[in-house]
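This note sets out a few points for a reader who is new to protein structures. Please keep the model open while reading and locate each residue as it is named.

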Amino acid sequence: MSRQVSLYGLVIYLFATTSLCGWTQAPSPQPGGMGGIATGGTFQAVFDSEKRPITAGGFVKTGPIVFMNTAEQAGLTAWRHKAGTTEKRFILEAKGPGVALLDYDNDGWLDIYLVNGSTFNALQGKEEPPHAALFRNNHDGTFTNIAAKAGVTNDRWGYGVVIGDYDNDGWPDIYVTNYGKNRLYHNNHDGTFSDVAEKAGVAVGTWSTGATFGDYDGDGRLDLFVAGYLQFDLNSLPIAGTKVVGYANCSYRGTATMCGPRGLPGERDHLFHNNGDGTFTDVSEKLGVSDPDRFFGLGTLFVDLNGDGKPDLVVANDTTPNYLYINKGDGTFEDQSYVSGYALNADGREVANMGIAAGDYENNGHMNLVNTTFSDDYDVVFRNDGTSTFTDVSYKAGVGAATIPFVGFGDGFLDYDNDGWKDLLIANGHVYPEVDKHPEWGTTYAQRPLLFHNTKNGKFDLIPPVEGTGLATISVGRGAAFGDLFNDGKIDVVIANMDQVPVLLRNVNPDHNHWVELKLIGGPKSPRDAVGSTVYLSAGGVRQRGDVLSGGSYLSSNDMRVHFGLGEAITIESVEIHWPSGAIEKIKLPALDRIFSVTEGKGITAVSCDREPCPQESSASSH
């Protein structure tokens, strides 16, 4: 085991708290009582040259312009999120929202689903609840909210969203997690959806957060995992100093705040097996993934971590150890949370895990994980040795120190410059509005995103935020979803914010590198949307890995098309698709800068170029 917790963790811990990036004092432990959130201590504040906290500052006049926030031009700012009051007296008001990218109408263009929250008055029927949004892509850089017409406004206190074609009919379905009963929106193929959660047996009814679809038992049907957060009783609110919280005070750095998650009872997780008839069966306890310790689940993802073609299951838990369940290939799991090195960070302690990014950033075929965390702690880069054994390389990778002042939520790997190497973007935003009353702390409620560029040697460089560009956008970030919204071969990012309008980071990087994208369609023995597939592409002497995943980031769901940047390569040497059915298929891609649809066993069945179909290329062969 390469955990190296004792000596290695101590060295990294001491090094990180002495001289890196302006932190000049060692952390002092914080009380971990009611309302506490796991951190690494209290670090000296970091300010920019204009005395602004680095979380909302550090801007530069010139530099690489990668993203522009085009949410207003796109029409997204006509909608906004709402959760409780701006004071955030209760933890129910501070988590969420997620965002999903999906092609709900199968027109070849990604649409956007944004989860909304609610209010206590709305839960009591005293006012109209906030509505979720489904923005249809108009193919011209703009979007139109058709949620009401589509029947997906939710109108419950929403948190997360995940996409998957659970009934293999070729149309994406939407699962929304709520405080209270969840929604399973079945796609009716006519622009509308029907909530079948009750009938399907996946409504749950507690406080659900992250969810992920994956075919864990290889029967060709998507199963569903749903993480539970904590038990929140509207009739017995967790107010500081009351019996509900053990008469404890709830504070952050000595300032009164909402209570939780520590000290509140956690909620169980659920794994639902797809019965193939529109219903699911809860097999959580039977398979040992029900979380009897009741940790505070947030991010979750089905992803193959040891290369055996079977989706494993990871759960990012808030202020408690993470879970890693290895798929044994016989329909069961083995809990390897601690032995794998994923449960804790290099210091041997739990952190306030939020989101999960999964990707092969070293181009060695191994899926690595990045967990976002609370401020006064670093976002954790878990490097996979290929056998699902993880080592915390956060500081070595160049991510650790820069993330300490930020509260990270949504995150994802993306090759923003199409050079063939995956970069990393993290959406940030604090949970305590009170921090804005204490500028001396060096943090803010609204924060800017962080973009790390892959330097191709296992390390990342932080890209500076140029004034007026997307990276200088300040928001209370939560979920983030990654995908090619404009079918131009560049990966964009939608960030869902607390009590605000969304951010749309449109990729305007000036590179002219080549790219390809693959929309995979599974055969009879695979899920129709090919969730769980792995693609290996070789070009320019580099072998990349891309996976079709459902869920990830923070309570969000990304573009399921597999994207590869090719750099200056002008030919693709090989493409090998490992389907969920176990079949391995090699295909020949006849051109670059295209979106190819590939159907299992049939090769390339459609091609899109210059945002339009390329029928003359659709007969390309597979072998």
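**Notes on cavities, pocket, core and strands**

1. The second largest cavity has a volume of about 160 Å³. Its lining is made up of 17 residues, and those nearest its centre are G309, K310, P311, V531 and G532. By class, this lining has eight nonpolar, five polar and four charged residues. Here Ala, Val, Leu, Ile, Met, Phe, Trp, Tyr, Cys and Pro count as nonpolar, Asp, Glu, Lys and Arg as charged, and the others, Gly among them, as polar. On a 1 Å grid over the protein atoms alone, a cavity is a set of points where a 1.4 Å probe fits but cannot get out, a pocket is an open set with protein on both sides within 12 Å along at least five of seven lines, and lining residues have an atom within 4 Å of a point. Grid points are joined across faces, edges and corners, and a volume is the space filled by probe spheres set on the points.

2. On the source: this is a predicted model, in which local features need pLDDT of at least 70 and side-chain atom pairs count only at pLDDT 80 or more, while totals for chains, interfaces and linings use all residues. Residues are numbered from 1 along each chain as its sequence is written, and side-chain values use heavy atoms, with hydrogens and water left out.

3. How many cavities of 30 Å³ or more are there? The count comes to six. The largest cavity holds about 490 Å³ of space. It is lined by 30 residues, and the closest to its centre are A358, F413, D547, N558 and D559. Two or more lining residues come from each of β20 (356–359), β24, β28 (477–483), β33 (542–547) and β34 (562–567). Helices (H or I, at least four residues) and strands (E, at least two) are DSSP runs, numbered from the N terminus. The lining of the largest cavity divides into 12 nonpolar, 10 polar and eight charged residues.

4. Strand β24, named above as part of that lining, covers residues 408–414, and seven of its seven residues are buried. Buried means under 20% relative accessible area, exposed over 50%, and partly exposed in between (1.4 Å probe, protein chains only). β24 runs antiparallel to strand β25 (residues 423–428), to which five bridges join it. Two strands pair if DSSP finds at least two bridges between them. Within this arrangement, D411 stands opposite I426 in β25.

5. Two loop residues have a backbone angle that deserves attention. N418, in the loop between β24 and β25, has a phi near 55 degrees, a positive value in a residue other than glycine. N418 is buried, with a relative accessible area of 1%. L555 lies in the loop between β33 and β34 and has a positive phi of about 55 degrees although it is not a glycine. L555 is also buried, with a relative accessible area of 3%.

6. The largest pocket has a volume of about 780 Å³. Its lining consists of 34 residues, of which D103, N106, G108, K519 and R561 are the closest to its centre. Among the elements that supply at least two residues of this lining are β2 (99–102), β6 (157–164) and β31 (514–521). The lining divides into 16 nonpolar, eight polar and 10 charged residues.

7. β2 also pairs with β3 in the antiparallel sense, over four bridges, and L101 has I112 of β3 as its bridge partner. β3 in turn pairs with strand β4 (residues 133–137), antiparallel over three bridges, where I112 stands opposite F135. Which way do the residues of β3 (residues 111–114) point? D111 and Y113 point one way and I112 and L114 the other way, and all are buried.

8. In soluble globular proteins, nonpolar side chains tend to be buried together. A nonpolar core is a set of buried Ala, Val, Leu, Ile, Met, Phe, Trp, Tyr and Cys residues joined through side-chain atoms within 4.5 Å. The largest such core here has 60 residues, and Y113, L134, L224 and L589 have the most contacts inside it. A second, separate core of 37 residues includes I37, F232, V435 and Y445.

9. Two peptide bonds are cis. One joins G96 and P97, with omega about 5 degrees, and the other runs from G260 to P261, with omega near 0 degrees.
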